[in-house]
Amino acid sequence: MKNRVLYLGILIASFIIAPFCSAEAQSKMDFKKEYFIKKGDTLNYRILFPKDFSEDKKYPVVLFLHGAGERGNDNESQLTHGSSLFLENRENFPAIVIFPQAPEDDYWAKVEVNRDTIPFQFDFKNEQPATTSLELVMDLMDEMTTKNFINKERIYVGGLSMGGMGTYELIYKKPEMFAAAFAICGGANPEIAKEYPQDFNIWLFHGKKDDVVLPKYSEAMARAINHYGGNAKLSLYPEDNHNSWDSAFAEPNLLPWLFSQKRSE
């Protein structure tokens, strides 16, 4: 009897949960699977277009870089964190949103990572040539900006963890491209902030209890960006560990702030 009750409970729960899971999966299918090839290398990416997209209109673009845990070649895992934020706000903030995926053996930022200790140790080498994955992202974005339906004054970049590191480096390598950025629990060599555009707007997020990527990395970047003439604001969450992206995505002003920014000529 107990087993029968347990079975019925599981069955009922599956009927309740399944529609929500399928609805979420269906929504993520709105991010179309694409790939970009350059010099024999392939970058998998997913792209979300606004509802009622028209090539006769101009749209802002958001590039989002995932963390190390979402690397692979399934062209799907990169949607784990962040995609829902843009899907849920698709009508309020119509934009083209791009989620590339780095392969398991590559990294967005040029950095040597020592994973033998907790927290991890990072030796940032952002001034060196970009990784293959970041180079492909830059080439993809260069191609995207040739499209007539792209608002070149409103191109944004953001990412979390490894993607936050890639965000910092991408602004350094393509300072003329982005209108604003956000970086969650990332880090970089603070000296690259010298090359950031004057008055560049960037919002940094980090958990004070982060024992994977220490908050000191975001604090150092915020200081350096502001020192060299940028406009960095830093949100530190006292109770968050490495998953500070949950708090960042819950910030009600994140998207209104991001989409209000325009690139200075």
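The model is predicted: local features need pLDDT of at least 70, side-chain atom pairs count only at pLDDT 80 or more, and totals for chains, interfaces and linings use all residues. Residues are numbered from 1 along each chain as its sequence is written, and side-chain values use heavy atoms, with hydrogens and water left out. Helices (H or I, at least four residues) and strands (E, at least two) are DSSP runs, numbered from the N terminus.

**Cavity**

- A search of the whole structure gives 1 cavity of 30 Å³ or more; a cavity is a set of points, on a 1 Å grid over the protein atoms alone, where a 1.4 Å probe fits but cannot get out.
- The volume of the largest cavity is about 60 Å³, where a volume is the space filled by probe spheres set on the grid points, which are joined across faces, edges and corners.
- Its lining residues, which have an atom within 4 Å of a point, are Leu48, Phe86, Asn89, Arg90, Phe93, Ala95, Val97, Leu255 and Phe259.
- That lining comprises 7 nonpolar, 1 polar and 1 charged residues; Ala, Val, Leu, Ile, Met, Phe, Trp, Tyr, Cys and Pro count as nonpolar, Asp, Glu, Lys and Arg as charged, and the others, Gly among them, as polar.

- Helix α4 (residues 162–173) has 12 residues and spans 16 Å from its first C-alpha to its last, close to the expected 16 Å, which is 1.5 Å times one less than its number of residues.
- Of the 12 residues of α4, 10 are buried, so the helix is largely enclosed by the rest of the structure; buried means under 20% relative accessible area (1.4 Å probe, protein chains only).
- The buried residues of α4 include Met162, Gly163, Tyr168 and Glu169.
- Ser161 lies in the loop between β7 (150–160) and α4, and is buried at a relative accessible area of 12%.
- Leaving out residues up to four places away in sequence, Ser161 touches Gly67, Ile184, Cys185, Gly186, Val213 and His242; contact means heavy atoms within 4.5 Å.

- Strand β2 (residues 41–48) is mostly covered, with 6 of its 8 residues buried.
- Strand β1 (residues 32–38) pairs with β2 in the antiparallel sense over 7 bridges; strands pair if DSSP finds at least two bridges between them.
- Phe36 stands opposite Leu43 in β2.
- The hairpin of β1 and β2 has 2 residues between the strands, and Lys39 takes a positive phi near 55° there.
- β2 also runs antiparallel to strand β4 (residues 96–101), joined by 5 bridges, and the bridge partner of Tyr45 in β4 is Pro100.

Technical notes
On a 1 Å grid over the protein atoms alone, a cavity is a set of points where a 1.4 Å probe fits but cannot get out, and a pocket is an open set with protein on both sides within 12 Å along at least five of seven lines; lining residues have an atom within 4 Å of a point. Buried means under 20% relative accessible area, exposed over 50%, partly exposed in between (1.4 Å probe, protein chains only).
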